[in-house]
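Trainee: I am new to this structure and would like to learn how to read it. Please take me through a few features, with the general idea before each case.

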Amino acid sequence: MSKKAIITKEIIVNAAFEIARAEGEESVNARSIAKKIGCTTQPVLYHFSSIREIKEEVLKKADVMHSKYITDIHGKYDNPMLAIGMQYIRFALEEKHLFRLLFQSDKFASKDFSDLLGGDEISPLITIMASVSGMSEKVMRKIFACIFLPVHGFASLIANNAMIYDEEYIVDILSEIYKSIISNLKENDNND
């Protein structure tokens, strides 16, 4: 007599994550998860009170993956801000469904821009960029605020197939924005 497969919460979340990654969060439901695992819907519904609870776990897993992805800067660019920005854009290119789940859904609707800049999610990035660049965290937050919106704009356009990924063009535009910000900050420092 064969042993019955044990379906754990981790197996369910991993299956739901893979479905969200390949097809989008809207495709995550008890039937699709059960099909992916090769079981009935009963074990899926036994471990979680709702599909929403599973999707919350998928969101957490996607957020962890995204954080690791964008901080994996391996020396391609001298500028750490550009390196992290390009990783953010590449994530949108390579993980379109997860990018949309994280940044184009109502999951973070209550946050305003100042919350984003002061949030716990951004602080490690600011610390990394400040240490690599030799600038203060205060200055790096200003730079991040100015460059985040163009980076997010490129990523959103790419994730939604509204723009073709052209690395040379994007790097050129982001480099010019960065140089302008630095120049403006230096000019303001000299005028103070």
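**Reading helices and their residues**

Mentor: Take a side-chain pair to begin: Arg90 and Tyr165 are joined through their side chains by a polar contact of 3.4 Å. A polar contact is a pair of N or O atoms within 3.5 Å; within protein, one must be able to donate a hydrogen and the other to accept it, and residues adjacent in sequence count only if both atoms are side-chain atoms. This is a predicted model, in which local features need pLDDT of at least 70 and side-chain atom pairs count only at pLDDT 80 or more, while totals for chains, interfaces and linings use all residues. Residues are numbered from 1 along each chain as its sequence is written, and side-chain values use heavy atoms, with hydrogens and water left out.

Trainee: Is Arg90 buried or exposed?

Mentor: Buried means under 20% relative accessible area, exposed over 50%, and partly exposed in between (1.4 Å probe, protein chains only). Arg90 has a relative accessible area of 12%, so it is buried. Arg90 lies in helix 5. Helices (H or I, at least four residues) are DSSP runs, numbered from the N terminus.

Trainee: How should I read two helices that pack together?

Mentor: Two packed helices are described by the angle between their axes and the distance between the axes. Axes are lines fitted to C-alpha atoms, for helices over the stretch in contact, and angles run from 0 to 180 degrees between N-to-C directions. Here the axes of helix 4 (residues 51-70) and helix 5 (residues 80-94) cross at roughly 135 degrees and come within 8 Å. Helix 4 is therefore oblique to helix 5. Angles under 35 degrees count as roughly parallel, over 145 as roughly antiparallel, 65 to 115 as roughly perpendicular and the rest as oblique.

Trainee: Which residues of helix 4 meet helix 5?

Mentor: Met65, His66, Tyr69 and Ile70 do. Tyr69 counts as buried, at 18% relative accessibility. Not counting residues up to four places away in sequence, Tyr69 touches Gln87, Arg90, Phe91 and Glu94.

Trainee: At what angle do helix 5 and helix 9 cross?

Mentor: The axes of helix 5 and helix 9 (residues 137-159) cross at roughly 25 degrees and come within 9 Å. Helix 5 is therefore roughly parallel to helix 9.

Trainee: Where is His97 found?

Mentor: His97 is found in helix 6 (residues 96-103). His97 is partly exposed, with a relative accessible area of 24%.

Key. Helices (H or I, at least four residues) and strands (E, at least two) are DSSP runs, numbered from the N terminus. Contact means heavy atoms within 4.5 Å.
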